[in-house]
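This report describes the strand pairing, the chain contact and the nonpolar core of the model shown below.

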Amino acid sequence: MATAVKKLDLHVGELVEIEGRRYEVVPARDGDGLTIEPPITPISELYAKRGMSPASAEDFKGILGGLPTDGEG
Amino acid sequence: MRPRARKQPLVAARFHGEEWSEEVGRFDRNSPARVAAERARREIETGGVGLPWLACEVAGSDGTSLPNCAKLYLPLGEKGASAAPFGFVFQFVKDSDHVYTLNFIAFGERHPRNPATRTVYERAHKRLHGRYPE
């Protein structure tokens with residue numbers, strides 16, 4: 001017996017819930033279609049709850065500006 | 001020539017539960033990735049080793065943009081992509097008491113063998129910007 005295909009009209013950024021677990025619709029890394037993965041909560045949402053904020057570029061430069069880079073990412 | 005990473009911790013690194021759960025909790029408990037992350041966190045929080053911090057790229061060749069971020073390669077103290085295949089990314093922030101900290105935002109592979117797997121830099125970019133790089 002053929003398995004019935006459940007067609008879903010999903011778009012990037014939407015959340016789906018499967019067996020109680022949430023997943024986010026994201027572009028596939030190879031650029032071919034969409035996939036789902038556990039969501040990555042935007043840091044702005046987490047900071048807002050905690051009263052945190054990103055430091056300024058000037059502060060980063062003044063305090064951590066001497067850190068080396070390796071060009072990787 | 002490989003840049004010399006700074007060995008002195010400049011400001012405290014902090015790990016919060018939400019980010020940790022999403023980044024590290026997705027790996028099996030006994031997986032090499034999770035074991036490496038948990039060990040490194042213990043080492044960072046106890047200050048037991050010099051921390052070889054590196055600055056992240058504002059405009060990376062992979063399309064990622066990680067301004068005001070710093071990173072550590074794991075296992076701590078290992079060098080080279082094969083010996084240290086994982087990375088932590090932190091964002092420089094001010095907390096509610098206006099104290100500067102390096103807040104953990106992403107963990108993952110630096111150079112995944114699986115082409116479908118996002119790099120730690122792509123995950124950090126998405127956490128900062130809400131979407132993966134183009």
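Strand 5 of chain B (residues 100-109) is mostly covered, as seven of its 10 residues are buried. A residue counts as buried if 20 or more other C-beta atoms, placed from the backbone, lie within 10 Å of its own. Helices (H or I, at least four residues) and strands (E, at least two) are DSSP runs numbered from the N terminus. The model is a predicted one: local features require pLDDT of at least 70 and side-chain atom pairs count only at pLDDT 80 or more, whereas totals for chains, interfaces and linings use all residues. Residues are numbered from 1 along each chain as its sequence is written, and chains are lettered from A in the order in which they are written.

Strands are taken to pair if DSSP finds at least two bridges between them. Strand 4 and strand 5 of chain B are antiparallel and share nine bridges; within this pairing, B:Lys94 lies opposite B:Tyr100. The two strands form a hairpin with five residues between them, and B:His98 in the turn has a positive phi of about 65°. Strand 1 of chain B (residues 13-14) runs parallel to strand 5 of chain B, joined to it by two bridges, with B:Leu102 as the bridge partner of B:Ala13.

## Contact between the chains

Strand 4 of chain B (residues 86-94) is also joined by two bridges to strand 4 of chain A, in the antiparallel sense. Here A:Ser53 stands opposite B:Lys94.

The contact comprises 30 residues from chain A and 44 residues from chain B, where residues are in contact if their C-beta atoms, placed from the backbone, lie within 7 Å. On the side of chain A that touches chain B, strand 2 (21-27), helix 1 (43-50), strand 4 (53-54) and helix 2 (57-64) of chain A each supply at least two residues. Helix 2 of chain A gives the most, with five residues.

## The largest nonpolar core

A nonpolar core is a set of buried Ala, Val, Leu, Ile, Met, Phe, Trp, Tyr and Cys residues joined through C-beta atoms within 7 Å. The largest such core has 37 residues, of which B:Ala70, B:Val89, B:Phe90 and B:Ala124 touch the most other members. Elements that each supply at least two residues of this core include helix 2 of chain A and helix 3 (120-129) of chain B. Strand 4 of chain B gives the most, with six residues.

Leaving aside neighbours within four places in sequence, B:Ala124 is in contact with B:Leu66, B:Cys69, B:Val89, B:Ile105 and B:Ala106.

Technical notes
Two residues are in contact if their C-beta atoms, placed from the backbone, lie within 7 Å. A residue is buried if 20 or more other C-beta atoms lie within 10 Å of its own, exposed if 12 or fewer, and partly exposed in between; C-beta atoms are placed from the backbone.
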